[in-house]
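I opened this notebook to keep track of what I looked up in one structure, entry by entry. The sequence and the model come first, and my notes follow.

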Amino acid sequence: HRTMASNVWRSMVRKCRLSRVVFSLQLQTVTLIPGDGIGPEISVAVMKIFESAKVPIQWEERNVTAIQGPGGRWMIPPDCKESMDRTLIGLKGPLKTPIAAGHPSMNLLLRKTFDLYANVRPCVSIEGYKTPYTDVDLVTIRENTEGEYSGIEHIIVDGVVQSIKLITEDASRRIAEYAFEYARNNQRNSVTAVHKANIMRMSDGLFLRKCREVAENFKDVKFTEMYLDTVCLNMVQDPTQFDVLVMPNLYGDILSDLCAGLIGGLGVTPSGNIGANGVAIFESVHGTAPDIAGLDMANPTALLLSAVMMLRHMGMHDYGKKIETACFDTIRDKKVLTGDLGGKSKCSEFTEEICRRVRDMD
Amino acid sequence: MKIFESAKVPIQWEERNVTAIQGPGGRWMIPPDCKESMDRTLIGLKGPLKTPIAAGHPSMNLLLRKTFDLYANVRPCVSIEGYKTPYTDVDLVTIRENTEGEYSGIEHIIVDGVVQSIKLITEDASRRIAEYAFEYARNNQRNSVTAVHKANIMRMSDGLFLRKCREVAENFKDVKFTEMYLDTVCLNMVQDPTQFDVLVMPNLYGDILSDLCAGLIGGLGVTPSGNIGANGVAIFESVHGTAPDIAGLDMANPTALLLSAVMMLRHMGMHDYGKKIETACFDTIRDKKVLTGDLGGKSKCSEFTEEICRRVRDMD
């Protein structure tokens, strides 16, 4: 009887695996890229917190140091690619920028390898971490493959240089669709397209047209348009008027950092990159902080909130809410804070405090 | 004009209209009497112009820019005591290259569904704006000039811009020179704008940053602006809109145009008059007794103006 029962159970688990449904006994695998500098220690912090919340996730650690393949082409290590292609979900810490290493930035390689076309940053004011703003709650969605960052530049004549900005119908449609889907899936009210189509009539004009077309298929989400300079002017006076913002590459680069500044900086801002084939990589966007690496001083909040974003992406909203609440409560309480948050605690102490709150919630 | 009169500023005004007209050959231009006046006086003060929709001619601001080669747009952003924003000690200047960069207007359809837009950076324009920025810093006792760029991504174009700034900096050792990525500037600007002084940058970045900084001090209704041209021409202007809904109702706030006029006085070397008028304006706002609607008060434009005039007269 016991053998029959265990056979039945085993075939159930196999079915779960095949249908990719997460049961309480079934662990979903996530690719973890700790990164450099403080990367490893903040990754450990996140893993500990996930463990205390009993999140049904197992971590598969991979390294992302660039290697040269046949033909001299730079690529990410095959075992990292294999892992991401299989798990489809990644969590990544900061990577050090190679100076004169001969290869392109790892972030660029990752972006091209997995066609990470959407960079998503939810910016929510953190109660207890004081900034000039209190009720920020917006999301920037940045097209991350083309636009001003095409890398195509030429010297026309001596002293005259041109830089080419490319906007395509496909990329514009794709990012607009993502933005509206995101708004719908996350109960957001509106999507605002940010552009300079009054000046760049053809390129931003094309982007805007695609947003308008996609908006027609999402009548449940309000669609507005605003010039980039007007957004900036209004953003610093009243950020509460903004909800989901979608825009081409450069504008997204600027606005996503501006908005991170509104809530306190890169140390507390989560970020996610959505790829074309179902791949999604969530990451902290601060630096490697080599001056404090290994000293148990780092603040894991950005990576933790990115991991929370990841849980929501995976449909695990309850776990995400629990961990996010424990994190915010810890910061609001102000008793156990890392140095950058104005406290004197160690990373491990901050982490343990969040773990404690998570366990107390059960 | 009333405030200048009460301050007894030794200036006379020559009014001109800027409605576009078509010259021989169908080319749009500003009226000849306006051009003649500007070429002669070299100093202009301008209010808001309405944007023509389907009027068949380019924007007047663009025409003015091209006619007088207004290559530098300068916006000093200083926190106004009494006009509350989330920031208190903003004191910076954005200097924007206003002739080239991303606003070249050169765009093409490559194939169906693929469009390219060309950003042009030239050695000459970059050197010219850098020189203006350092001269401005020196003449206005500013400590540093920061070049704002994205040369890590746009290596050739922003790289050229940055190189020119560095070269010019060599001739201005009395002014500190730093460089910062545009996204880092924005990230830091909203957390602590007091770390910034004079910022110089190409066209698009200047468009964004100048509006961002205007927002820090309270918006376009209180922000002055100046445009410097190649042949000694300088046009100072308010950068808000024409506000047709309150036009003619004595409700407007003249602060932006007034502070632009103060900028103009300083440009003309009339620092004492500029200081006197600026102080009267700031004192009026700080006092909060006579404020226009947009500043949170109930007074008329004429009352706000008279209050400033009174303070100016009392200073003598």
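**Entry 1: two loop residues**

I began with Lys334(A), whose place is in the loop between α10 (317–333) and α11 (347–360) of chain A; helices here are DSSP runs of H or I with at least four residues, strands are runs of E with at least two, and both are numbered from the N terminus. The phi angle of Lys334(A) is near 60°, which I noted as a positive value in a residue other than glycine.

Before going on, I wrote down that this is a predicted model, in which local features need pLDDT of at least 70 and side-chain atom pairs count only at pLDDT 80 or more, while totals for chains, interfaces and linings use all residues. Residues are numbered from 1 along each chain as its sequence is written, chains are lettered from A and ligands numbered from 1 in the order in which they are written, and side-chain values use heavy atoms, with hydrogens and water left out.

In chain B I looked up Leu42(B), which sits in the loop between α2 (32–41) and β3 (43–46). Phi of Leu42(B) is near 70°, again a positive value in a residue other than glycine. At 30% relative accessibility, Leu42(B) counts as partly exposed; the scheme, with a 1.4 Å probe and protein chains only, calls a residue buried under 20% relative accessible area, exposed over 50%, and partly exposed in between.

**Entry 2: salt bridges**

How many salt bridges does the structure hold over all chains? I found 64 of them, a salt bridge being a side-chain nitrogen of Lys or Arg within 4 Å of a carboxyl oxygen of Asp or Glu.

I noted one between the side chains of Asp91(B) and Arg142(B), at 3.2 Å from N to O. Asp91(B) lies in strand β5 (residues 91–97) of chain B and Arg142(B) in the loop between α4 (123–139) and β8 (144–149), so this pair ties together parts that are 51 residues apart in sequence. Asp91(B) is partly exposed at 38% relative accessible area, whereas Arg142(B) is buried at 17%.

I then turned to Asp283(B) and Arg286(B), whose side chains meet in a salt bridge of 3.1 Å, N to O. These two residues are three apart in helix α9 (residues 271–287) of chain B, and are therefore separated by about one helical turn. Asp283(B) is partly exposed at 21% relative accessibility, and Arg286(B) is partly exposed at 37%.

In chain A, salt bridges that share partners join Asp333(A), Lys335(A), Glu353(A), Arg356(A), Arg357(A) and Asp360(A) into one network.

Is Ser172(A) buried or exposed? With a relative accessible area of 1%, Ser172(A) is buried, and its place is in helix α5 (residues 169–185) of chain A. Leaving out residues up to four places away in sequence, Ser172(A) touches Glu146(A), Ile167(A), Phe207(A) and Lys210(A), where contact means heavy atoms within 4.5 Å.

Leu209(B), found in helix α7 (residues 203–217) of chain B, is buried with a relative accessible area of 0%. Among the residues that Leu209(B) touches, with those up to four places away in sequence not counted, I listed Thr94(B), Val148(B), Leu182(B) and Met201(B). The C-alpha atoms of Leu209(B) and Arg75(B) are separated by 10.0 Å, although the two residues are 134 apart along the chain.

**Entry 3: where the chains meet**

The size of an interface is often given as the accessible area lost when the parts come together. For chain A and chain B the buried area is about 3,700 Å², with 68% of it on carbon and sulfur atoms; buried area is the accessible area (1.4 Å probe) that two parts lose on being put together, summed over both. I also noted that 44 residues of chain A are in contact with 44 residues of chain B.

The count between chain A and chain B is two salt bridges. Lys196(A) forms a salt bridge with Asp207(B), with the closest N and O atoms 2.7 Å apart.
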